[in-house]
Amino acid sequence: MKILNVDQIRALDQYTIQHEPIAPINLMERAALAFVDWFADHFSTSTAIKIFCGLGNNGGDGLAIARLLLEREYRIEVFVVRYAPRESDDFMHNHRRLKLVTENIRYVELTHDIPAIRHNEVVIDAILGSGLSRPADGIVKSTVEAINRAPATVVSVDIASGLYTDQPNSPTDVIIEPDYTVSFQLPKLAFLLPKNGRYVGNWQLVDIQLHKRYIDTSPTPYYFTQPKDARLLLQKRDRFSNKGSFGHALLLAGSYGKIGAAVLSAKACLRSGVGLLTVQVPQCGYEILQTSVPEAMCRPDEHQRVLTGASEVEGPEPVDYSTVGIGPGIGKAPETLTMLRSLLPTLKKPIVVDADALNLLSENRDLLAKLPINSILTPHPKEFERLTKKWENDYQKLDILREFAKKYKVIVVLKGAYSAVTTPDGDIHFNSTGNPGLSTGGTGDVLTGILTALLAQGYDPIEAAVLGVFAHGLAGDRAAEQRGPIGMVATDILDSLRWD
Ligand SMILES: NC(=O)C1=CN([C@@H]2O[C@H](COP(=O)(O)OP(=O)(O)OC[C@H]3O[C@@H](n4cnc5c(N)ncnc54)[C@H](OP(=O)(O)O)[C@@H]3O)[C@@H](O)[C@H]2O)[C@@H](O)CC1
Ligand SMILES: [K+]
């Protein structure tokens, strides 16, 4: 699913009006209806509701919502925050229509016009939407502050008032902190960025049938991976396939005290459809791995405790495997750095690089240029910062991500809520699955195993990254259903992995 910028959203609105065609006021009505349908599923008619409307089209939505809620016998009070002398045409139209059915519309011009808001009430925030062009000030700011102070449940229409759709807010901006955001059709970039969490709440999309042709033809670097997008990437298995059809992966993982990382990664790789798997671990991990993952072949490193790459056991060279996954639990021993130095230039096909392999790269940045094109790197934010530099805000972070992926021609999976899969072309696919339960030891090792398996099976590396991250998050969501986000561990994610 595409994420469009604010100018494109405005143009999409106009395109829909012209090409459906539909009168602007009817499009607003459709949006209001979609909101009210959502609202009715979440709040009963006994709820006391205060609706705050601005003077633009977001306010127009609020007025139409007020009328539709009245028709459904909700108890509402309407407040128009009059911050300017001019209203939008569709605001005025809906204002006239609302006045026909209620006299209960009050105007907020001065602070003492702001009503008291009680704890069992619901506030609908329709003050400012995607047309925000400057920070909230004056009476808008005072109203937003009063709503934020109130103990009520707050639902924002389209986007929280005061939050920019696709540019950074300043830390001093006053922004609604909603419990829910009910947004029209397409996700907004602002919803996916960590610093905005409290200005978004639980966000939901409601479909208002904006014109598909405009969406399909609009260029954008930003995507939001939906279940149907992921399903399209999944390759079907031929009845006559054999284990040779699904590749032979090599995992370089583990060090003394961290053999568990190699075990988790290996299991995830096997659970993600790899044909054959060889794991190279330090000798101290040999018996552990052979016992806990009998499906994998194990090549003990010649070193007891860390990986050096050398082994007394004969075997193919790393370059001869379908792909290599490197990093889980490997530590940063000098011998392991030496291995990385000699290994990287020999590899030709994309690999997966995680954890301490990333930390070794950030301490030896010359090695970045040696990564095979289209390799997948899976840093969490701290690891990515070590690889690049500190960012001032989430938007700058996205720019740094795209520059990095372009410069080194690699795919970067920046892990976190809405993990961002960044391609060498500068596209970013935000993931839609996952939950806070994934923030626990070993989940990254599982992801490395999954991605390694998909590369070994011949998936296009970008598709492997998008699909693998989605499946990993989905398994995490299933694990959270079973165990709860606090009790779940990485092993539960392994057990919940499914590829159908
Ligand atoms: N796109 C779609 O598909 C659909 C969109 N719909 C709805 O339209 C909404 C967008 O409407 P919109 O463009 O009228 O913008 P909105 O935010 O209501 O207000 C803009 C006004 O506020 C002003 N203003 C700006 N910042 C300000 C500030 N800090 N303090 C005070 N004023 C400020 C600004 O002034 P200006 O920048 O022009 O000086 C302008 O006059 C969208 O969020 C959705 O709810 C649906 O109805 C149908 C489908
Ligand atoms: K709003």
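Me: How far apart are the end C-alpha atoms of helix 3 (residues 57-71), and what span should its 15 residues have?
Reply: Helices here are DSSP runs of H or I with at least four residues, and strands are runs of E with at least two, numbered from the N terminus. The expected span is 1.5 Å times one less than the number of residues, so the 15 residues of helix 3 should span 21 Å. The end C-alpha atoms agree with this, being 21 Å apart.

Me: What kind of model is this, and how are its parts numbered?
Reply: Residues are numbered from 1 along each chain as its sequence is written, while chains are lettered from A and ligands numbered from 1 in the order in which they are written. Local features need pLDDT of at least 70, side-chain atom pairs count only at pLDDT 80 or more, and totals for chains, interfaces and linings use all residues, for this is a predicted model.

Me: How many of the 15 residues of helix 3 are buried?
Reply: A residue is buried if 20 or more other C-beta atoms lie within 10 Å of its own, exposed if 12 or fewer, and partly exposed in between, with C-beta atoms placed from the backbone. Among the buried residues of helix 3 are Asn57, Gly60, Leu63 and Leu69. Helix 3 is largely enclosed by the rest of the structure, because the buried residues number 12 of the 15.

Me: Which helices are included in what covers the buried residues of helix 3?
Reply: Contact means that two C-beta atoms, placed from the backbone, lie within 7 Å. The cover includes strand 1 (48-53), strand 2 (75-81), strand 4 (121-126) and strand 5 (153-157). The helices it includes are helix 2 (24-42) and helix 4 (89-101).

Me: Which helix gives the most to the shell around ligand 1?
Reply: A residue is near a molecule or strand if its C-beta atom, placed from the backbone, lies within 6 Å of it. Of the 29 residues around ligand 1, Asn57 and Asn58 are among those that come nearest. Helix 1 (6-19), helix 2 and helix 3 each supply at least two residues of the shell. The most, four residues, comes from helix 3.
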